[in-house]
Amino acid sequence: MSTNRMPALFIGHGSPMNAVSDNPYTQAWEALGRSLPKPKAILMVSAHWYTRGTAVTAMAQPKTIHDFGGFPEALYQVQYSASGSPELAQQVANLLAPLPVYLDNHEWGLDHGTWEILVRMYPQADIPVVQLSIDGTKPAAWHLEIGRKLALLREQGVMIMGSGNVVHNLREMDWQNAAAKPYPWARTFEQFVIEHLGSKQSPHPLTQALEREDGQRSNPSPEHFLPLLYVIGCWDGKEPISTPTEGIVSGSLSMLSVQIGE
């Protein structure tokens, strides 16, 4: 095994308020930033860039996008000033060829699924960040395969990260009570995910997870689940897999995070 291979991470990002709140999850993200080897660049797959087709941010200075409403003013003041990496964007496009990848030079930037985590892990914003969009027209297994194609970047000091939530049902959330008891379907689905992270079955059980009844209830739409598949696709079949954070807040929002490698 390469000793220089970057770990890959999926982070359950939860509420945008985690950018400015102190809680066990944000403390765990800060601890990851301190303990993991420092990446040369970060390739982020965020639930909040859900597109038709595949795009990658290719600008030198991505803007901070405040893609939410109704939150305290402090959240709209957050700026995450990391540089981009047009070189990494081009490398992603090359690795995914012949898939057409749109090099986005001005439209997107860093959305809250990205900066909400990175402002805690890497507050200096001194690591270049590139975002890869999620093609919402493709089946789950396709996203896992994209992760496999991108895994090579880990050997070059790039940290591949996914940002979403494996249980993300906002309609059934208890917004007033973060400590609300998890719904049984939320708990069973999160447990199913944890149990199958290291599966060597083909097709991978997590590519079919959203067909389960508890999977559909946990994810009325798939975009918060899919980033996990890119990270699972990066696994070499031997590296340790760990869960730096677990737990369901407000009844139906999983804060599970997954680490591939060390």
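Guide: A crossing is right-handed if the near helix is turned clockwise from the far one by less than a right angle, and left-handed if anticlockwise. The model is predicted, with local features needing pLDDT of at least 70, side-chain atom pairs pLDDT 80 or more, and totals for chains, interfaces and linings using all residues. Residues are numbered from 1 along each chain as its sequence is written, and side-chain values use heavy atoms, without hydrogens and water.

Visitor: Is the crossing of helix 5 and helix 8 left-handed or right-handed?
Guide: Helix 5 covers residues 140-150 and helix 8 covers residues 226-233 (DSSP runs of H or I, at least four residues, numbered from the N terminus). Their axes, lines fitted to C-alpha atoms over the stretch in contact, are 6 Å apart. The crossing of helix 5 and helix 8 is right-handed.

Visitor: Why are helix 5 and helix 8 called oblique to each other?
Guide: Angles run from 0 to 180 degrees between N-to-C directions; under 35 is roughly parallel, over 145 roughly antiparallel, 65 to 115 roughly perpendicular and the rest oblique. Helix 5 and helix 8 are therefore oblique, packing at an angle of about 40°.

Visitor: How many residues of the contact of helix 5 with helix 8 are charged?
Guide: Helix 5 brings residues including Trp 142, Leu 144, Ile 146 and Arg 148 against Leu 226, Leu 229, Tyr 230, Ile 232 and Gly 233 of helix 8 (contact: heavy atoms within 4.5 Å). Asp, Glu, Lys and Arg count as charged, Ala, Val, Leu, Ile, Met, Phe, Trp, Tyr, Cys and Pro as nonpolar, and the others as polar. The contact has eight nonpolar residues, three polar, and the charged ones number one.

Visitor: Which residues of helix 5 meet helix 3?
Guide: Helix 3 (residues 86-96) packs against helix 5 at an angle of about 115°, with axes 9 Å apart, and the crossing is right-handed. From helix 3 come Val 92, Leu 95 and Leu 96, and these meet Ile 146, Lys 149 and Leu 150.

Visitor: What separates the C-alpha atoms of Ile 194 and Val 258?
Guide: Ile 194 lies in helix 6 (residues 184-196). Val 258 is 64 residues from Ile 194 along the chain, and their C-alpha separation is 8.7 Å.

Note on methods
Helix = DSSP H or I, 4+ residues; strand = E, 2+ residues; numbered from the N terminus.
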